[in-house]
Amino acid sequence: GGGAEKKVGGGGAGLGKPLSELEALRLLRNVVDAVVFLHTQNPPIAHRDIRAENVVLCEASSSLSALTHGGSSASGCKLTQFSSCSTLAVCVSTPAAAAAAAEEIARHTVWECRSPEMAEVKPGVRIDQKVDIWGVGCLLALMVTGGPVFPTPVLARQGKLELPRSVSLHVCNLIRDCLAVNPASRPDSWAVAERIAQLLGERFVGPPPAARAYQQPLAPDISSSATVGADS
């Protein structure tokens with residue numbers, strides 16, 4: 001990005017003071033809009049690397065770190081870093097294939113943004129665009145708490161989550177739903193976008209039904225996983 005863009009992550013694991021829920025939801029809305037766009041392509045595209053360092057604010061001299069310390073407000077943000085994107089789902093059937101898939105995931109992602117099914121690849125468990133919903137949940141938790149939701153990889157794999165009482169019930173529920181250990185239990189990206197719109201008191205116009213039905217095809221083997229996009 002250019003000089004007018006600051007990374008949301010601010011270069012550190014924690015942010016300091018949390019953002020207000022209103023500001024966090026407004027920023028997250030921009031990220032989720034991008035995720036909805038990716039997920040409604042045919043086939044759907046999984047970003048696979050949604051984290052604070054890959055979200056930039058769209059206003060000069062504003063970073064999420066500055067916002068949490070009383071800095072100027074940001075008008076919006078955008079999702080970047082598309083080099084880890086994939087158009088194929090993975091569902092391995094053997095321990096050897098699971099090891100190969102885990103190696104490929106390790107090359108393209110960092111543990112802080114890996115969903116449980118990515119962090120511990122198991123035969124029979126599908127890995128697809130639902131990994132991005134996990135990333136969205138981690139990002140929202142980071143913004144409203146000021147620190148990473150899972151301090152260690154073990155806690156992330158187990159989905160052990162504790163949120164402070166200062167976080168509202170509605171936002172807590174959204175975070176917890178996004179961070180469901182079972183990917184099938186996580187909402188779709190457009191359902192997350194609709195809930196954010198409701199919390200912001202805005203009208204939501206979702207994607208057409210046909211786009212919601214698209215599924216990522218399974219990779220025939222881990223070595224043939226397709227990637228799309230390039231670094232922003």
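## Leu155 and Pro153 in helix α6

Leu155 sits in helix α6, where helices are DSSP runs of H or I with at least four residues, strands are E runs of at least two, and both are numbered from the N terminus. At 28% relative accessibility, Leu155 counts as partly exposed; on this scale buried means under 20% relative accessible area, exposed means over 50%, and partly exposed is in between, using a 1.4 Å probe and protein chains only. Leaving out residues up to four places away in sequence, Leu155 touches Phe150 and Lys160, with contact meaning heavy atoms within 4.5 Å. Pro116 is 39 residues away from Leu155 along the chain, and their C-alpha atoms are separated by 9.7 Å.

Pro153 belongs to helix α6 too, which covers residues 153-158. Pro153 is partly exposed, with a relative accessible area of 33%. From Pro153 to Glu112 you count 41 residues in sequence, but in space the two are 7.2 Å apart, C-alpha to C-alpha.

## What kind of model this is

Keep in mind that this is a predicted model: local features need pLDDT of at least 70, side-chain atom pairs count only at pLDDT 80 or more, and totals for chains, interfaces and linings use all residues. Residues are numbered from 1 along each chain as its sequence is written, and side-chain values use heavy atoms, with hydrogens and water left out.

## The chain as a whole

There are 9 helices and 3 strands in the chain. Reading from the N terminus, the order is β-α-β-α-β-α-α-α-α-α-α-α. The chain has 232 residues, and 47% of them are buried.

For a pair at a separation of 24 residues, take Ala97 and Val121, whose C-alpha atoms are 9.1 Å apart. Ala97 is in helix α3 and is partly exposed at 25% relative accessibility.

## Helices α7 and α8

Helix α7 (residues 169-178) packs with helix α8 (residues 189-200) at about 170 degrees, and their axes are 11 Å apart. Here the axes are lines fitted to C-alpha atoms, for helices over the stretch in contact, and the angles run from 0 to 180 degrees between N-to-C directions. The angle makes α7 roughly antiparallel to α8; the cut-offs are under 35 degrees for roughly parallel, over 145 for roughly antiparallel, 65 to 115 for roughly perpendicular, and oblique for the rest. On the α7 side, the contact is made by His170, Val171, Asn173, Leu174, Asp177 and Cys178, and on the α8 side by Val192, Arg195, Ile196 and Leu199. Sorted by class, that gives 6 nonpolar, 2 polar and 2 charged residues, where Ala, Val, Leu, Ile, Met, Phe, Trp, Tyr, Cys and Pro count as nonpolar, Asp, Glu, Lys and Arg as charged, and the others, Gly among them, as polar.

Which residues of α7 are buried? They are Val171, Cys172, Leu174, Ile175 and Cys178. Looking down the axis of α7, these fall within an arc of 165 degrees, so they line one face of the helix; the arc is that of the directions from the helix axis to the C-beta atoms. An α-helix has 3.6 residues a turn, so residues three or four places apart point the same way. The buried residues of α7 pack against α1 (21-39), α5 (130-145) and α8. Over on the other side of α7, Leu169 and His170 are exposed.

The loop between α1 and β2 (55-57) holds Asn54. Asn54 is buried or exposed? Buried, with a relative accessible area of 6%. The side chain of Asn54 reaches the backbone oxygen of Asp49 at 2.8 Å. Setting aside neighbours within four places in sequence, Asn54 is in contact with His47, Asp49, Lys78, Leu79, Thr80 and Gln81.

Pro43 is in the loop between α1 and β2, and a cis peptide bond with omega of about 5 degrees joins Asn42 and Pro43. Arg48 is found in that loop as well; Arg48 has a positive phi of about 75 degrees although it is not a glycine, and is buried at 11% relative accessible area. Gln81, one of the contacts of Asn54, has a positive phi near 60 degrees. Gln81 lies in the loop between β3 (77-79) and α3 (95-108) and is partly exposed at 24% relative accessibility.

Technical notes
A polar contact is a pair of N or O atoms within 3.5 Å; within protein, one must be able to donate a hydrogen and the other to accept it, and residues adjacent in sequence count only if both atoms are side-chain atoms.
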